[in-house]
Amino acid sequence: MGILYLADRLIGFSAHGLPWVMQKDTMLLYAAVIFLWFKADKSVGIILAGIWLIQNINLVVSLLGQMSGYLLPAALLLVGVLLYWLSSR
């Protein structure tokens, strides 16, 4: 998070049309991804991702409306990867 904050001060994401990079709810998503990636116990990352999902439900619904043709295959792929990953542990 500190590196991202420093990069924002040096580069200025807003000046480049990327103001969403430094929003508070996006930071929550970054934390969720970091916990999911690096921690053996994935429960904290899943909870943080769930909180982000609840806070951004309007964004998720609008994206699902635009990608409805890709939603089912992507969801099936994600479920398959998760089941494979969880069964190999």
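Modeller: A residue counts as buried under 20% relative accessible area, as exposed over 50%, and as partly exposed in between (1.4 Å probe, protein chains only). The model is predicted: local features need pLDDT of at least 70 and side-chain atom pairs count only at pLDDT 80 or more, while totals for chains, interfaces and linings use all residues. Residues are numbered from 1 along each chain as its sequence is written, and side-chain values use heavy atoms, with hydrogens and water left out.

Colleague: Is I46 buried or exposed?

Modeller: I46 lies in helix α3; helices are DSSP runs (H or I, at least four residues), numbered from the N terminus. Its relative accessibility is 54%, and I46 therefore counts as exposed.

Colleague: How far apart in space are I46 and F35, C-alpha to C-alpha?

Modeller: Along the sequence, I46 and F35 are eleven residues apart. Their C-alpha atoms are separated in space by 8.4 Å.

Colleague: What is the distance between the end C-alpha atoms of α3?

Modeller: The expected span of a helix is 1.5 Å times one less than its number of residues. Helix α3 covers residues 43-55, and its 13 residues should span 18 Å. The distance in the model agrees with this, at 18 Å.

Colleague: Which residues of α3 are buried, and within what arc do they fall?

Modeller: The buried residues of α3 are G45, L48 and W52. They line one face of the helix, because down its axis they fall within a limited arc, 65 degrees. That arc is taken from the directions from the helix axis to the C-beta atoms. The names and value asked for are thus G45, L48 and W52, within 65 degrees.

Colleague: Which exposed residues does the opposite face of α3 carry?

Modeller: This face is turned away from the buried side of α3. The exposed residues on that face are I46, I47 and I54.

Colleague: Against which elements do the buried residues of α2 pack?

Modeller: Helix α2 has 15 residues and reaches 21 Å from its first C-alpha to its last, close to the 21 Å expected. Its buried residues are T26, M27, L28, A31 and A32. They pack, with contact meaning heavy atoms within 4.5 Å, against α1 and α3.

Colleague: Which side chain of opposite charge is nearest to D8?

Modeller: D8 lies in helix α1 (residues 2-11) and is buried yet has no salt bridge. A salt bridge is a side-chain nitrogen of Lys or Arg within 4 Å of a carboxyl oxygen of Asp or Glu; Lys and Arg count as positive and Asp and Glu as negative, while His and the chain ends are not counted. Leaving aside neighbours within four places in sequence, D8 is in contact with F13 and M22. The nearest side chain of opposite charge, 4.4 Å away, is R9.

Colleague: Which element has the lowest mean pLDDT?

Modeller: pLDDT is the predictor's confidence in each residue, from 0 to 100; its mean over the protein is 82, and 93% of the residues reach 70 or more. Helix α2 (residues 24-38) has the highest mean among the elements, 87. Where pLDDT is low, predicted coordinates should not be read in detail. The lowest mean, 74, belongs to α4.

Colleague: What is the relative accessible area of L59?

Modeller: L59 lies in helix α4 (residues 57-66). L59 is partly exposed, and its relative accessible area is 41%.

Terms used: Helices (H or I, at least four residues) and strands (E, at least two) are DSSP runs, numbered from the N terminus.
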